[in-house]
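Please read the following walk through one protein chain with the sequence and the coordinates side by side.

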Amino acid sequence: MERGKRSIDRKAYYASKMRKAAQLLLYRRHSTPGAKGWELRRRIGSDYPKVVNLLDEYLAKMGLTVKIVFEEANPPENPTIEHYDKARFYVTLRDDLTVEEAKLVGWRIDDLAALCASIAYIISRGGKVPRKELEDLLKAKIPDWRVEIDLSKFIRLGYMVEDENGQIYLGWRTRAEVDQKKLIDLLLESEAKM
C-alpha cells in the first residue's frame, strides 16, 4: 500500500515538472523559441534532463520532439550537466513535413526554397560562406529585392549566424530543424533526375 502511494506521488511529481517544462519550451518569449538548459534547471530543478526525456516521450505521441542543440557544432558524445546548461532545448516536429503541410507553416514557398539553397550552399562550402557570395547565389534564384529581406529573416530567426567579418554560418535552428544529410541527398537526387 505504502509502495503504491509512493509510486503515485512520484508520477504526480514528474507530471508537474513536465507541465512546467512544456510551458517553458512551448511558450514563445522574445524572438527565440525554446529555452536554455540553465533556464530549465532554475525552473524545474537539477533533474531537468530526465524531465525533458519524459516530456519527449510524451510529445512523441503527437509527432513532436524536444531537440537539444549544443553550443558546439559537433555535439559532445557524453554531455555533462554543464553542456546541457548551455544548450538550447526546442520543440520541433518529429517527422518530415509533406509538401502540403509545408504550405501551412506560414512561409512563402520561394522563401523556403531560398533557405534550402542557402543551407545547402553553406554546407557545400564547409560550413561558412562570405555574405556577398551567398547574396550572389540567391540573386540568381530570387528577385534582388528579396535577397536582403530573406537573409535578414534567416539570421533573425536563428537559421544562420553572421560574424563581424561578413561570414555566414549555419545557426542553432538549422541544426535543430534540418536534417542536413537528408537535404543534401534530396538535392543530389533531384539533380540526377534532371
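Pro33 lies in the loop between H1 and strand E1 (35-36), where helices (H or I, at least four residues) and strands (E, at least two) are DSSP runs numbered from the N terminus. The model is a predicted one, in which local features need pLDDT of at least 70 and side-chain atom pairs count only at pLDDT 80 or more, while totals for chains, interfaces and linings use all residues. Residues are numbered from 1 along each chain as its sequence is written, and side-chain values use heavy atoms, with hydrogens and water left out.

At 11% relative accessibility, Pro33 counts as buried; the term buried stands for under 20% relative accessible area and exposed for over 50%, with partly exposed in between, for a 1.4 Å probe and protein chains only. Leaving aside neighbours within four places in sequence, Pro33 is in contact with Arg88, Tyr90, Trp172 and Arg173, contact being heavy atoms within 4.5 Å. The C-alpha atoms of Pro33 and Val91 are separated by 8.5 Å, although these residues are 58 residues apart along the chain.

Tyr90 lies in strand E3 and Trp172 in helix H9 (residues 172-177), so the pair ties together parts that are 82 residues apart in sequence. Both Tyr90 and Trp172 are buried. Arg88 lies over the face of Trp172, at 5.3 Å from the ring centre, under the criterion that NZ of Lys or CZ of Arg is within 6 Å of the ring centre and within 35 degrees of the ring normal.

The structure holds seven aromatic pairs. Another of the edge-to-face kind joins Trp107 and Tyr159, at 5.8 Å centre to centre and 85 degrees between the planes. This pair links distant parts of the chain, 52 residues apart, with Trp107 in the loop between helix H5 (99-102) and helix H6 (109-124) and Tyr159 in the loop between helix H8 (144-156) and strand E5 (160-162). Trp107 and Tyr159 are both buried, and the charged end of Lys153 sits over the ring of Trp107, 4.1 Å from its centre. Elsewhere, Tyr48, Phe70, Tyr84 and Phe89 form one aromatic cluster.

Of the 20 residues in the largest nonpolar core, Leu25, Leu40, Leu55, Val66 and Phe89 touch the most other members. The elements that give this core two or more residues are helix H1 (2-26), helix H2 (37-44), helix H3 (48-60) and strand E3 (88-93), and the largest share, six residues, comes from H1. Leu40, with its neighbours within four places in sequence set aside, is in contact with Ala21, Leu24, Leu25, Ala35, Gly45, Tyr48, Val52 and Phe89. Apart from this core lies another, of 19 residues, which includes Ile119, Leu134, Leu138 and Val147.

Helix H6 has 16 residues and reaches 22 Å from its first C-alpha to its last, close to the 22 Å expected at 1.5 Å a residue, the expected span being 1.5 Å times one less than the number of residues. Buried residues in H6 include Asp111, Ala114, Ser118 and Ile122. At 0% relative accessibility, Ser118 counts as buried, and a polar atom of its side chain lies 2.8 Å from the backbone oxygen of Ala114. Beyond the neighbours within four places in sequence, Ser118 is in contact with Leu134, Leu138, Phe154 and Met160.

Asp150, which lies in helix H8, is likewise buried, with a relative accessible area of 0%. Not counting residues up to four places away in sequence, Asp150 touches Asp111, Ala114 and Ile142.

How values were computed. A nonpolar core is a set of buried Ala, Val, Leu, Ile, Met, Phe, Trp, Tyr and Cys residues joined through side-chain atoms within 4.5 Å. Rings of Phe, Tyr and Trp (its six-membered ring) pair if their centres lie within 6.5 Å; planes under 30 degrees apart count as stacked, over 60 as edge-to-face and the rest as tilted. A polar contact is a pair of N or O atoms within 3.5 Å; within protein, one must be able to donate a hydrogen and the other to accept it, and residues adjacent in sequence count only if both atoms are side-chain atoms.
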